[in-house]
Each structure stands twice: as C-alpha cells, then as structure tokens.
Protein chains: 2
Amino acid sequence: MCATSRALREHGYADLTMQDIADESELSKAALHYHYDSKRELLVAFLEFVSEQFLAAVREAERGADGPDERLAAVLDTAVAPPAPSDLAGLRTALLELRAQAPYVAAYRERSRESDAELRDIVAGIVADGVAAGDFRADADPEAVARLTVTILAGGLLRGVSVGAERERTRTLLARAVEDRLRPREVA
Amino acid sequence: MCATSRALREHGYADLTMQDIADESELSKAALHYHYDSKRELLVAFLEFVSEQFLAAVREAERGADGPDERLAAVLDTAVAPPAPSDLAGLRTALLELRAQAPYVAAYRERSRESDAELRDIVAGIVADGVAAGDFRADADPEAVARLTVTILAGGLLRGVSVGAERERTRTLLARAVEDRLRPREVA
C-alpha cells in the first residue's frame with residue numbers, strides 16, 4: 001500500500017503501471033500479480049486502505065476530544081487535513097482521479113459511497129449529541145449538517161486539485177457554514 | 001464541439017480517441033488533426049467551450065431576473081442544473097475527469113481557474129448589490145459567499161459522479177447555506 005502510494009504520487013493515476021508499483025516496493029511485478037490480478041484490483045484495495053486510514057484518523061481525533069463542540073472541531077480539522085501516515089496531501093489528485101472513475105468501476109463507487117456514508121454518520125452523531133445536550137440549536141438537522149459537511153469537503157478536494165484552492169480556506173469556510181447551522185445568531 | 005461532447009458521453013475521457021470524435025462528426029480524423037494537433041488540444045478547446053456555454057447560461061438567467069434575491073436564485077438554479085444545450089448532465093463525469101487532470105495539464109488548470117473565478121465574480125457582485133440595497137445582511141461578505149457557493153457546486157459535482165448525490169439535494173443544501181449568510185435569523 002505504501003509503495004502504491006509513492007508510485008501514485010510520482011506517476012499519477014492515468015499513467016500508473018504495475019511495474020511502477022513494483023519499483024517502489026521490494027516485490028517483483030510477478031509477485032504483485034500473485035496478490036492482485038490487475039492494476040484495478042490493486043487500486044480498489046488501495047482506495048479501501050486510504051479510506052480506512054482516513055476514517056480511523058477521524059475517529060481517533062473525535063475520541064481525543066470532549067463534548068460535541070470539541071469533537072466536531074476535531075473531526076472537521078482532521079477531515080480537511082489528515083495527519084501522517086494517512087496524510088493525503090500528495091494523494092489528493094490520485095484520489096480525485098479514482099473517484100472520477102466511479103461511474104465506470106463499481107468497486108470504486110462502492111468504496112466512495114461507504115466512506116462518504118461513514119463520515120456523514122460520524123458528523124450526524126456528533127450533531128445529534130450536541131442538540132440533545134443543548135449545545136447546538138434545537139432545530140439543527142444532523143443529516144443536513146452531515147451532508148453539507150461532506151459536500152464542502154468534496155468541493156475543497158476538487159477545487160484544491162483543479163484551481164489550487166487552499167486547505168486553510170476550506171477549513172474556515174466549512175467551520176462557518178456548520179456554525180451557521182448549529183448556533184443561534186442575533187438579528188442583524 | 002458537439003461531436004466531442006457526444007463522443008465523451010459515450011466513451012468517457014480516459015478511453016477517448018480522435019477517431020471516436022471523428023466518428024461522431026462529419027469530419028475525417030485527418031481533418032480533425034488539421035484543426036487540432038492532439039486530443040489534448042481539442043479537449044482544451046472543448047473545456048473552454050463548455051465553460052463559456054455554462055457562464056453564458058448563468059449570465060442570461062441573471063439578466064432575466066429582477067433584484068438581488070431573484071438574480072441569486074436564478075444563478076444558483078442554473079449553476080446546479082444548466083439548461084440545454086449547455087446541459088452538462090451527460091458531461092459531468094468527463095468534466096470531472098478533465099478537472100482532475102489539472103495538476104498535469106496547465107491549460108486545463110487555466111480554464112478551470114478562469115471559470116471558477118468568473119462564477120465567483122458573478123455571485124459576489126449580486127451579494128454586494130443585495131447588501132447595498134439592504135436586501136441582505138449588512139455584514140454579509142460577498143467574496144466569502146461566492147467561495148462557499150463554488151465550493152458547494154464543486155462538491156455537488158464530485159459527489160454526483162462518485163457517490164450518486166442528487167442535484168436537487170445539492171440545490172437545497174446550497175440555497176440553505178447561502179441563505180444562512182445573507183439573512184438575519186432570530187435567536188433560537
């Protein structure tokens with residue numbers, strides 16, 4: 001998986017070959033093929049690996065925080081900029097390319113859907129807890145806030161890759177949009 | 001451009017050949033090459049064409065509306081679901097693939113940046129007008145609302161392609177997020 005990550009960073013998704021991945025690992029191309037029938041099969045495993053690392057980092061950040069406010073901040077921070085080794089900085093382009101292939105490859109679509117749904121569950125759970133505890137607006141809709149969050153994260157990823165939008169701006173924008181939903185605000 | 005659009009819908013970006021495009025047009029492959037040196041050059045022209053059609057549709061929708069409220073609603077409606085012939089429904093995947101290649105192809109990056117900046121200008125202009133007219137909150141930040149808008153649109157595109165998110169949901173989510181920024185709201 002680490003060799004695949006390095007090969008993807010270096011070659012990108014479209015030009016990647018099994019040989020590139022073998023070159024980054026201590027395995028021969030034949031040994032790679034023993035484990036994975038095709039580049040596609042290996043990349044499905046890689047997408048799953050990266051998603052699991054990402055979600056594990058998000059959950060760990062949440063566990064380290066107290067109360068709905070802190071938990072939500074920790075989750076959003078981590079989702080925008082995951083820590084090493086699940087740091088996706090060099091992988092954002094490759095991940096976007098994989099997701100863009102989702103209409104053609106059922107396994108990419110399934111992995112993308114699972115990961116999207118799981119992140120939404122985490123966010124919705126925190127929002128529901130915050131509403132129950134009276135920390136957030138009573139009429140805040142956990143599912144809607146979760147969908148807003150994953151949409152802004154996806155937009156930040158796409159704009160980061162295609163127009164060079166900065167992560168820090170995505171984080172600020174996401175925090176404000178979520179805040180608008182969770183806090184009462186005085187009439188201007 | 002129409003032949004390219006049809007060929008993209010049918011074959012996708014990764015597998016597209018000049019022959020596929022020629023097959024959809026009334027030109028031979030040689031004639032296509034007379035106008036465009038490479039598939040990449042043709043696709044740069046295509047990305048530019050689609051961006052122009054999209055922005056023209058957005059501007060026309062804005063012109064047909066009165067006042068900041070209506071103008072903003074018309075722009076957001078059109079940006080989420082552009083009318084024919086700039087209907088991007090069948091092209092969303094191909095457009096996403098092109099944008100995902102932006103780090104590798106300077107011309108894709110430039111077109112993506114121009115189009116992103118122009119849409120932001122349109123939205124920011126309407127918000128500024130609405131603030132000046134007293135229709136929106138006095139402290140609404142036109143640039144921030146514009147950035148939020150293009151980020152949610154990008155997220156809707158990526159989630160539409162990768163996890164099958166519905167346009168209607170993106171529209172609702174976008175309207176509410178923008179509304180949160182522009183309207184005073186009572187304390188819960």
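What percentage of the interface residues of chain A are also interface residues in chain B? The figure is 100%, so the copies meet through the same surface. The views below show a predicted model.

**View 1. Chain A is built from helices, with zero strands.** The chain has nine helices. Helices are DSSP runs of H or I with at least four residues, strands are runs of E with at least two, and both are numbered from the N terminus. From the N terminus on, the order is α-α-α-α-α-α-α-α-α. The C-alpha trace spans about 65 × 30 × 30 Å along its principal axes. Mean pLDDT, the predictor's confidence in each residue from 0 to 100, is 89 for chain A. Of its residues, 94% reach 70 or more. The model scores ipTM 0.90 and pTM 0.92.

**View 2. The interface joins 45 residues of chain A to 45 residues of chain B.** Contact here means heavy atoms within 4.5 Å. The two chains bury about 4,000 Å² between them. Buried area is the accessible area (1.4 Å probe) lost on putting two parts together, summed over both. Carbon and sulfur atoms carry 60% of it.

**View 3. Four salt bridges cross the interface of chain A and chain B.** A salt bridge puts a side-chain nitrogen of Lys or Arg within 4 Å of a carboxyl oxygen of Asp or Glu. One of them pairs Arg181(B) with Asp180(A), at 2.8 Å, N to O.

**View 4. Helices α6 (92-100), α7 (106-132), α8 (142-163) and α9 (167-182) of chain A each give two or more residues to the side that touches chain B.** α8(A) gives the most, with 14 residues.

**Notes.** Residues are numbered from 1 along each chain as its sequence is written, and chains are lettered from A and ligands numbered from 1 in written order. Local features need pLDDT of at least 70, side-chain atom pairs count only at pLDDT 80 or more, totals for chains, interfaces and linings use all residues, and side-chain values use heavy atoms, with hydrogens and water left out.
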